[in-house]
Amino acid sequence: MSWGTELWDQFDNLDKHTQWGIDFLERYAKFVKERLDIEQNYAKQLRNLVKKYCPKRSKDEEPRFTSCLSFYSVLNELNDYAGQREVVAEEMAHKVYGELMRYGQDLKAERKHHLQEGRKAQQHLDHCWKQMDNSKRKFERECKEAEKSQITYDRLDNDINATKSEVEKAKAQFYLRTHMADESKNEYAAQLQNFNAEQWKHFNNAIPHIFKNLQDMDERRTVKIGETYRSFAEAERRVIPIISKCLEGMVSAAKAVDLRRDSAIVVESFKSGFEPPGDFPFEDFSQHLSRSGSDGTISNTPKGDRERERDGAPGPRSDPKHPMSRTKNKLWLFGKKPKAPSLEDFSHLPPEQRRKRLQQRIDELGKELQKEMDQRDALNKMKDVYEKNPQMGDPSSLQPKISETICNMEKLRSEIHKNETWLSEVEGKQSSRGDRRHSADNHHHTPQGRESPEGSYTDDTSQEHHTPQQRTSPPKPGQPNPDLHEFDDEFDDDDPLPVIGHCKALYSFDGQNEGTLVMAEDEVLYIIEEDKGDGWTRARKQGGEEGYVPTSYVEITMERNSKGS
């Protein structure tokens with residue numbers, strides 16, 4: 001249906017309608033702009049959320065548990081999902097909002113042009129109508145003047161008193177007015193014919209053409225809005241497959257959580273390689289009491305000790321200097337171990353953790369060695385090229401770098417050999433520990449060697465363990481250069497130091513130096529003085545013998561009320 005034929009007289013209404021169409025298009029463009037702003041903010045917030053919960057970590061802090069790895073996989077998928085929301089916003093910005101804004105500007109210019117043409121055609125028709133109306137008015141006036149002149153001429157012609165000159169004059173005036181009326185009539189007829197022709201062209205050619213252009217413009221606007229609706233939806237539809245993959249990745253991450261693997265990682269991370277503590281010996285403090293031979297006397301000796309006494313085996317020695325009230329503390333399995341300084345061979349760590357750290361260091365050194373070897377090969381190839389083509393460079397200039405690389409390789413090989421030696425010692429210690437555990441289960445505890453926290457293992461008793469600090473003699477706590485005879489002065493005090501805790505020997509110690517205390521593996525001692533920072537703890541045996549032992553050789557449990565005791 002054509003606007004030119006049906007709405008030929010609705011110029012003002014079509015002007016309002018086309019303006020409404022442009023306003024609607026701009027309103028829809030504003031809606032798209034706010035929608036893509038929401039998408040951009042949503043994507044930005046998602047990325048900030050991922051960044052917050054996935055911070056940068058060092059190599060040692062990399063997660064290993066499947067639950068953590070799956071969570072970081074979920075975060076990565078969520079980050080990809082945020083990227084797709086950004087793609088949606090970008091598609092809407094370029095293919096919808098940007099297109100609408102450009103098209104809106106074109107519509108405004110086109111509408112303005114068509115309306116100007118319509119107004120010009122209307123002005124031209126109005127001008128023709130004014131000319132026709134003016135000629136009509138003029139023709140009307142001339143006719144009235146001609147009538148007046150005719151009346152005057154007829155009156156004078158019939159008047160006998162009028163002179164001939166007056167009659168001639170009135171006749172000439174009548175002829176003049178009649179002639180002017182005829183001319184006005186012809187002019188009015190011509191203007192009327194011209195106006196009718198212009199009016200026909202206006203309503204049959206000009207206005208239909210202009211209105212058709214306005215109709216085409218409005219229909220194109222409608223089609224464009226429909227296309228942008230489709231583009232708006234396609235921007236979402238195009239990312240649905242990728243978003244589905246992101247969600248599938250999250251589901252796969254959830255399925256990858258493995259409780260057995262996580263439990264195994266916990267064991268692998270914290271396994272020390274130590275054996276569980278043995279039974280505590282019975283401390284008989286009643287052996288110095290006078291015993292009655294009557295049947296009513298109750299013996300405090302445990303059944304196992306009584307059996308050993310019957311068999312002639314010696315019972316455990318008691319400490320006569322300490323009351324029984326000071327033996328309440330026990331060596332708990334989860335007691336806090338004293339912190340030892342970090343050593344190059346990781347001897348301050350438990351055997352299993354030490355083995356892992358040594359293996360990790362060997363792998364890292366191996367990678368560095370491979371880099372140096374690659375660099376050496378590259379320098380040798382470059383040197384060969386320089387020797388064949390001297391103009392490219394001096395071969396001797398590469399020799400210092402080659403020598404430096406070879407030196408670095410030798411250092412790395414030495415380091416690897418040293419760490420491999422430590423690793424073999426740890427593995428040998430763990431295997432011997434397993435053998436001793438097996439023999440202990442069969443009540444035949446006959447160790448073939450001795451162990452130390454550094455991981456050394458030897459069958460030669462003359463090469464007994466060195467202290468963790470590599471000292472020839474244990475220093476007195478609190479003094480940097482002690483005299484060895486000072487230990488005798490300390491132990492000659494009349495009043496014994498109070499017991500402030502217990503300790504269990506993790507390794508055997510020979511105590512060859514003066515002032516030190518010999519202890520066997522798994523032996524329980526009393527703590528009478530804490531480590532002052534020099535790596536030595538003062539202890540007392542159950543038999544009353546006192547001396548210093550290496551702090552890293554024992555597992556210490558302090559009394560809660562040690563100050564009061």
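Which helix does Leu49 lie in? Leu49 sits in helix α2, residues 11–53. This is a predicted model, where local features need pLDDT of at least 70 and side-chain atom pairs count only at pLDDT 80 or more, while totals for chains, interfaces and linings use all residues. Numbering runs from 1 along each chain as its sequence is written, and side-chain values use heavy atoms, leaving out hydrogens and water.

**Overall picture**
- The protein chain has ten helices and seven strands (DSSP runs numbered from the N terminus: H or I of at least four residues for helices, E of at least two for strands).
- Of its 565 residues, 35% count as buried (buried is under 20% relative accessible area, exposed over 50%, partly exposed in between, with a 1.4 Å probe and protein chains only).

- Leu49 is partly exposed, because its relative accessibility is 39%.
- Leu49, Tyr53 and Phe71 make a nonpolar surface patch of about 280 Å² (patch residues have over 30% relative accessible area and no salt bridge; like charges are joined within 9 Å, nonpolar side chains, meaning Val, Leu, Ile, Met, Phe, Trp and Tyr, within 5 Å).
- A salt bridge here is a side-chain nitrogen of Lys or Arg within 4 Å of a carboxyl oxygen of Asp or Glu.
- Areas come from the Shrake-Rupley method with a 1.4 Å probe; for residues, only the protein chains shown count as cover.

**Lys224**
- Lys224 lies in helix α4, residues 164–237, and counts as buried because its relative accessible area is 15%.
- Leaving aside residues up to four places away in sequence, Lys224 touches Glu99 and Tyr103 (contact means heavy atoms within 4.5 Å).
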